[in-house]
Structures are given as structure tokens and as C-alpha cells.
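Here is a short report on a protein model.

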Amino acid sequence: MYASSLEQNNHVSALSKKDIVMNGLALAFPMFCLAIGKGYDIFSFLLYIAALIGLIGIKKTPWTRDIKLLCGCFALYFITFVFSLIFKGGKGSYLDWSSRFIYAIPVLCLLLRYPPKFKYLQWGFIIGAIIAGTVALIQVFHFGMGRAYTNTTNGWYLKNYMPIQSGDMAMTLGLISLTLGIHHAKQHKYTYAIIALLATVMGVLGSLLSGSRGGWVCVPFVLLYLGWANRHHLKLKTLVISFMILGITTVAISKIDPAGIYERVEQAVSNVQDYHHGDENTSVGIRFALWKSAIYTFEDSPIFGAGYPGRVLSREQQAKEGLFPEKIGKEGFFTAHAHNQYLEALSVRGLIGLAVLMLLFLVPAYLFLSKKKSAFSEVMALDQCGMTLIISVMGYGLTQAFFNMNSGVVFYSIMMVIIFSAQYPLKEHK
């Protein structure tokens, strides 16, 4: 009954005022995520406020199995941080990151009542990717910044960026635009497909100009997934040509190389070679040292982890034992995160922490991949957008603790609930 009524509401031409407001906020989040510094915070805050106000007086949210699973993994992630703080110690501010998953739950409940419409929401992703690339171009070419999304004093709207996190978000918006482009190509809407492909290039370009090398890791996995997911709907030749056009266009644009893209790639290769020769005091070498330190810490506390204070003490002891060069074992190293989301979870919260972290990815993936019949082609597109989000963020976690900053948690949780709430009412639930 619930799915059926929402399905009907999703396709009526006349929208209520609340529908318009919620569709506008859902569309605005990806659109303005990188338009200004901390754009993701501004529009997620508006969604939080709308959820607190909008849920008052409306009927109780039907807690179906899928909704329980998604909210449950969000809540469980926060709970592991609470228990780690209670039993392992640490600052209360450490709860700030994980609490953003809790904030996303009421947003989900409200969006399920007023689900975003695909025909509007898709433009939020596409325009968001175009804005992300435009901002990167302006920062690099107009302001002469070495890397896009670097905090600067050129204006209030350029403050509070972080190149790695912002570059990763730009990449995700670009890859979601590619997913939408494939959807429109299947529908023979080639004008929309070309616009989406342009947005893909702009999003990827934003990531390239940020110089965030870790953001490139996810790209082949996303392309493989999209090729597999659409294997029965698009000819292999069409997919190959589309991906080739995307790759050639991106490489051609990156030839401008204002942000030292190729130099950063060469630097990474050189750092790895230096590491093998015993020099760990490089960007990549320090990351390797942090990964090694996280593994040592995990071995000492494998089940529940060492907690944040314990991790600091563990690194100090490791430095005393000469496991790291003296230059590395100085200020900033002991308190730095592991630059790997999975090793970070293992060292601080142990196997339990890693298991709960994986639930954040695997539970939504199960919901998006579940075989539920729908008469709407938009469902497949939204499911693939959700999977693209998951795969990309999992890839970022290999070289960056993406969830150790508010930007990463807010981006993933809000994008997740927006996509989920858009596709959920269109599926037939048993």
C-alpha cells in the first residue's frame, strides 16, 4: 500500500508545497556541494532543519525491512564510536564525524514522505558536476592556484575547501553523471546523454585539477560495474566507444596540466621507488608508514581496537622502537589518521569497527542490487547511481580516511538518502 501510494504521488503533475521544497533541497545538495566552500554543510543543514520541522505532525514512517536496514547500519556506525569513546577514551569531538549519519536518518524519513522526482533530481547531479569542474577551472586558471579546491583568502566563497575531499566529491558527481548519460542513451535521448557526458568530463576534470591521486583509483571499478550492469541494455560497442570518448576527452583536457597532474603521478612513482630504497620521508612513504603503524596497532588490539588515545601511544612506542625514521615520528604523525579508511577502522575500533564500516557499503549495495521488479526505467538508473556512489567512496577509502572528516560523512550519507528515497517508492515491495 505504502509503495503503491508513493508511486502514484511520484508521478502526479501537481506538486504540493512540501514536495517542491523537498525536491528543491534534494536537488540543491549535489548542485551546490562544491559551488562554494562547505556548500555541502550549508545544504545538509537545511535538510536537517527541514526534517526536524517537516516530520512534526505527519504520519508515522512505515519501518519496512529496507528502511530498517539502511537506518540500522547508519546508527550502528555511530554506536561503535560511542562505545570506543566510553571504553577506550578520547575527545567528545570524535563523535562529530559519525553523528552526521544519525542526522541523515530523519532526512531519509522526510524524503520518503516527499520523495525526490527523478526528472528533477538528475539535474542536481549533472549541474553539480559541471559546477565542480567550473570552480576548479576558475581556481586554477583565474586565481593561479596550484591545486583546485585549496583553501584560499581570495574570497569567502573560496574558503573551507580541502583538495583531497573536494576532488573525490567532484569525481563522484562526474561518475554519477556518466551513469545518467548511459540511462539516457538507453532511452535514445541523446541530447540529454551528451549533456550528462559533458558533466562527467567536468566532474573528472575537477578531480584531476585537485591533484587528488587517490580519487582516480575508483574509476576502473565504476566503469567495470557500469559495463556489467548495462550489458543487456546497451551494445558492447556502444559502451566501449562511450568510455573511450570519455577517456580521450579527459586526457586531452588534462594535457593542459596546470595543476601538475603528470608531475604528481611521476612524484608518486618516484616516492614508491624511494620507499623501496629506504627513504620513507615522502608523501607516499609517510602513507606507507601510517599503514604499517595501523597494522601494528591492530595486532595489539585486534577485536575492539586501541581507540584514539591508544593509537597515539602505540605510534609513540613504535617510533621509540625505531620502526619509523626519526623525521616521520614527529609532530603531526602520532595523531594523523591512517590515510586508509579500512586500516583506520582496524587500528582504532578493531575488527568490530571494520565490520560495521563495511556494513555502510554492503547494506546499501544489497538494497540497490536486490531484484525487485519495477515498471520504471528510472529505478535502474537510480540503483546504478547508488552503486556508483558506493564504489567510488570505497575506492577513496584505500588512500584516504574519507569518513574522518565531516565533508566525507555528510556527502556520503546525504547523497545516499537522497538516491535511496528517490528510487525506493518506485519499487514493488513484498
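Leu 55 is partly exposed: its relative accessible area is 26%, which falls between the 20% limit for buried and the 50% limit for exposed. The model is predicted. Leu 55 sits in the loop between helix H3 (39–54) and H4. Along the sequence, Leu 55 and Arg 113 are 58 residues apart. In space, their C-alpha atoms are 9.1 Å apart.

**Helix H7**

Helix H7 covers residues 163–186, 24 residues in total. At 1.5 Å a residue, H7 should span 34 Å. H7 is mostly covered, with 24 of its 24 residues buried. His 188 follows H7 and has a positive phi, near 65 degrees.

**Nonpolar cores**

In soluble globular proteins, nonpolar side chains tend to be buried together. Here the largest nonpolar core has 101 residues. The residues with the most contacts inside this core are Phe 29, Phe 74, Tyr 149, Phe 403, Tyr 412 and Phe 420. Helix H16 (residues 406–423) supplies the largest share of the core, 12 residues.

**Cavities**

How many cavities of 30 Å³ or more does a search of the whole structure find? The search finds 2. The largest cavity holds about 50 Å³ of space. Its lining is made of Phe 81, Ser 84, Leu 85, Gly 89, Tyr 94, Leu 95, Tyr 308 and Arg 349. Helix H4 (residues 65–88) gives the most to this lining, with 3 residues. By type, the lining residues of the largest cavity divide into 5 nonpolar, 2 polar and 1 charged.

**Cysteines and accessibility**

A search of the whole structure finds 0 disulfides.

| Residue | Relative accessible area | Class |
|---|---|---|
| Cys 33 | 1% | buried |
| Cys 385 | 0% | buried |
| Leu 55 | 26% | partly exposed |

Why does Cys 33 count as buried? Its relative accessible area is 1%, and buried means under 20%. Cys 385, at 0%, counts as buried because its value is also under 20%.

Note on methods
Residues numbered from 1 in each chain as written. Predicted model: local features only at pLDDT ≥ 70, side-chain atom pairs only at ≥ 80, totals over all residues. Heavy atoms only, no water. Disulfide = S-S within 2.5 Å. Buried < 20%, exposed > 50% of the residue type's maximum accessible area, 1.4 Å probe, protein only. Helix = DSSP H or I, 4+ residues; strand = E, 2+ residues; numbered from the N terminus. Expected span 1.5 Å × (residues − 1). Core = buried A, V, L, I, M, F, W, Y, C linked by side-chain atoms within 4.5 Å. 1 Å grid on protein atoms, 1.4 Å probe; cavity = no way out; pocket = protein on both sides within 12 Å on 5 of 7 lines; lining within 4 Å. Points joined across faces, edges and corners; volume = space filled by probe spheres on them. Nonpolar A, V, L, I, M, F, W, Y, C, P; charged D, E, K, R; others polar.
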